[in-house]
Amino acid sequence: MADPYPKYARLRERGAVHRVRTPFGGDAYLITRYAEARAALNDPRLSKHPKNAPAFLREAGLVTGDAGPLGVNMLSCDPPDHTRLRRVIGKAFTARRVLALRPRIQEITDDLLAALPAGEEVDLIEGFAFPLPITVISEMLGVPVSDRDRFRTWSRDLISTASAPEVRQRREAAATALTGYLSGLVAERRERMDRELASEAQPDLISALIVAADRHGELDETELLGELMLLLVAGHETTVNLIGNGTLALLRAPDVLGALVADPGLVPAAVEELLRYDGPVERATLRTAVEDVDVDGVTVPSGSLVVVALNCADRDPARFDRPDELDLARPDNQHLAFGHGPHFCLGAPLARLEGTIAFTSLLGRFPGIRLACPPERLQWRSQSAMMILRGLETLPVILGTVNIDFRPRRAC
C-alpha cells in the first residue's frame with residue numbers, strides 16, 4: 001500500500017489485463033492500461049448491478065439481494081435505472097450550484113485552519129482533511145455535522161471488503177445503523193415539510209429527494225435511502241484522500257510545493273495532477289461481465305468480476321509522458337481519477353472545488369508545512385479493508401508559517 005506503483009508498472013508491461021485473486025476469495029480480471037481501462041469504464045457489457053455479481057461476493061456478504069453495502073443507488077445499477085437515479089441527484093451537482101458553495105467551503109476551510117496550531121505537530125487528516133468534506137456534505141444533505149464521527153465509523157465499516165467474520169459483522173451493523181439513522185431523518189424532515197407546506201425549492205438534499213420521491217415518483221423509499229448513504233459516504237471519503245495523498249505528494253516534491261507557494265494560481269492544475277499522480281480511488285467499483293468481453297486479446301468470460309485499476313492506468317507511459325513525475329504543466333491531463341463514461345463521478349466539480357480551496361488555503365497559511373516523520377513510516381489504510389479507496393491513516397506534519405524546511409523531524 002505504501003507504493004503500489006512499481007508492481008503496477010510490471011503488470012502493465014506484461015499486459016493490459018490479468019487474472020488475479022481478490023482479498024475476499026474468488027478471482028477477478030484486473031485492467032491495468034489506460035486505453036483498455038477507459039474503454040472498460042464505458043462498456044455496457046460490464047454491469048454494475050449486484051444481481052449479476054459472482055456468487056463469492058454474496059458469500060462474502062458484499063452483496064445482498066439486489067443491493068451492495070451502500071444499498072440501492074446509482075453507483076450499483078445499470079440503465080435505465082441508473083439514468084433515472086443519476087438525473088435526480090444530478091440536479092444538486094450542477095456547476096452553478098457547486099460554485100455557489102464556494103464562500104461556505106472557504107469559510108469552513110478558514111475556520112479549520114485557524115484552529116490548527118502553527119509551528120506544532122498535527123495530524124492533517126484528523127484536523128483538516130476529514131472535517132472539511134464531511135462538514136460540506138453534511139450541510140448539503142441537511143444532516144447534523146455534530147454526528148460526523150458516527151458517519152466516519154459507519155463509512156469505514158461499510159467500505160471494508162475484508163471477509164473476516166468480525167469485519168462482515170461490523171459492515172452489516174454499520175449498514176443497519178446508518179439506514180436507521182437516515183430513515184429517522186427522512187421521517188422527521190417529511191413531518192416538518194408537511195407542517196410548513198414546503199415549496200418545490202428545497203434547502204437541502206434530503207428534502208429535495210423527498211420531493212422527488214413523494215411528489216414526482218422518481219425514486220422509491222429504498223432508492224432514497226440508498227442515494228443518501230452513497231452521497232454521505234462518497235461525498236467525503238474521496239476528498240479526504242485527495243487532500244491527504246495530495247499533501248504528501250507535494251511534501252515529497254519540494255520544488256513543486258515551492259512553485260505552488262509562490263504562485264497559488266497553479267493550484268487548479270496541481271489538483272488535476274495530484275488526482276492523476278496518486279488518486280483517492282485506486283480501483284473503480286466492481287463490475288461483472290454479462291457476456292464474454294475481449295480485452296487486448298484476452299477473453300474475460302461472462303460472469304467474471306472485472307476491476308479497473310484507475311491509479312495504474314493513470315501512470316501508463318503510453319498515455320502520459322514521464323508518468324511517475326509530478327508535473328504541474330502536464331498537457332491534456334485526462335486522468336481517470338473520477339472514472340469515465342456513464343458512471344463518471346457526479347461529485348467531481350465539488351471535489352475539485354474543495355481540493356482547490358483546501359490546497360490554496362493550507363499553503364497560504366502554512367507555507368512552511370513539512371512532514372513530521374519519514375514518509376516510509378506513514379501508515380496507509382490496509383488493502384484488506386480498502387478494495388476501492390487509497391488513503392492514509394494519519395498524516396503528521398509540522399505547520400510552519402515561514403522558512404520552508406522539508407526534512408522530517410522524528411520517526412512516527
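Below are my entries in the order I looked things up.

**Ground rules**

I'm working on a predicted model, so I keep local features only at pLDDT of at least 70 and side-chain atom pairs only at pLDDT 80 or more, while totals for chains, interfaces and linings use all residues. Residue numbers start from 1 along each chain as its sequence is written, and side-chain values use heavy atoms, with hydrogens and water left out.

**Entry 1**

I started with the sheets. Helices (H or I, at least four residues) and strands (E, at least two) are DSSP runs numbered from the N terminus, and I call two strands paired if DSSP finds at least two bridges between them.

In what order do the 5 strands of the open sheet with mixed pairing run? I read β1-β2-β8-β5-β3. β1 (17-21) and β3 sit at the edges with a single partner strand each, so one side of each is left without a neighbour in the sheet.

Then I walked through the pairs. β1 and β2 run antiparallel and are joined by 5 bridges, with Arg19 opposite Tyr29 in β2. β2 and β8 run parallel, joined by 4 bridges, and here Ala28 is opposite Leu305 in β8. β5 and β8 are antiparallel over 2 bridges; Thr288 has Leu305 in β8 as its bridge partner.

Are the faces of β8 covered or open? Both are covered: Leu305 and Val307 are buried on one side, Val306 and Val308 on the other. Buried here means under 20% relative accessible area, exposed means over 50%, and partly exposed is in between (1.4 Å probe, protein chains only).

**Entry 2: helix α2**

Next I looked at α2 (residues 34-41). Its buried residues are Tyr34, Ala37, Ala40 and Leu41. They span an arc of only 130 degrees around the axis, which puts them on the same side of α2; the arc is taken from the directions from the helix axis to the C-beta atoms.

**Entry 3: the three-strand sheet**

There is also an open sheet of 3 strands, β4-β10-β9, with antiparallel pairing. β4 (121-123) and β9 (370-371) are the edge strands, each with a single partner strand, so one side of each has no neighbour in the sheet. β9 joins β10 (residues 396-398) through 2 bridges, and Arg370 has Ile398 in β10 as its bridge partner.

**Entry 4: salt bridges**

How many salt bridges does the structure hold? I get 29, counting a side-chain nitrogen of Lys or Arg within 4 Å of a carboxyl oxygen of Asp or Glu.

Arg33 is partly exposed at 24% relative accessibility, and Asp296 is partly exposed at 44%.

Arg156 and Glu393 came next, at 3.1 Å, N to O. Arg156 belongs to helix α9 (residues 148-158) and Glu393 to the loop between β9 and β10, so the two tie together parts 237 residues apart in sequence. Glu393 is partly exposed, with a relative accessible area of 31%.

I also noted a salt-bridge network that links Glu188, Arg189, Arg192 and Asp204.

**Entry 5: Arg315**

Last stop was Arg315, in the loop between α15 and α16 (348-365). Is Arg315 buried or exposed? It is buried, with a relative accessible area of 6%. Leaving out residues up to four places away in sequence, Arg315 touches Tyr5, Arg12, Arg276, Tyr277, Pro323 and Asp324.

Conventions
Contact means heavy atoms within 4.5 Å.
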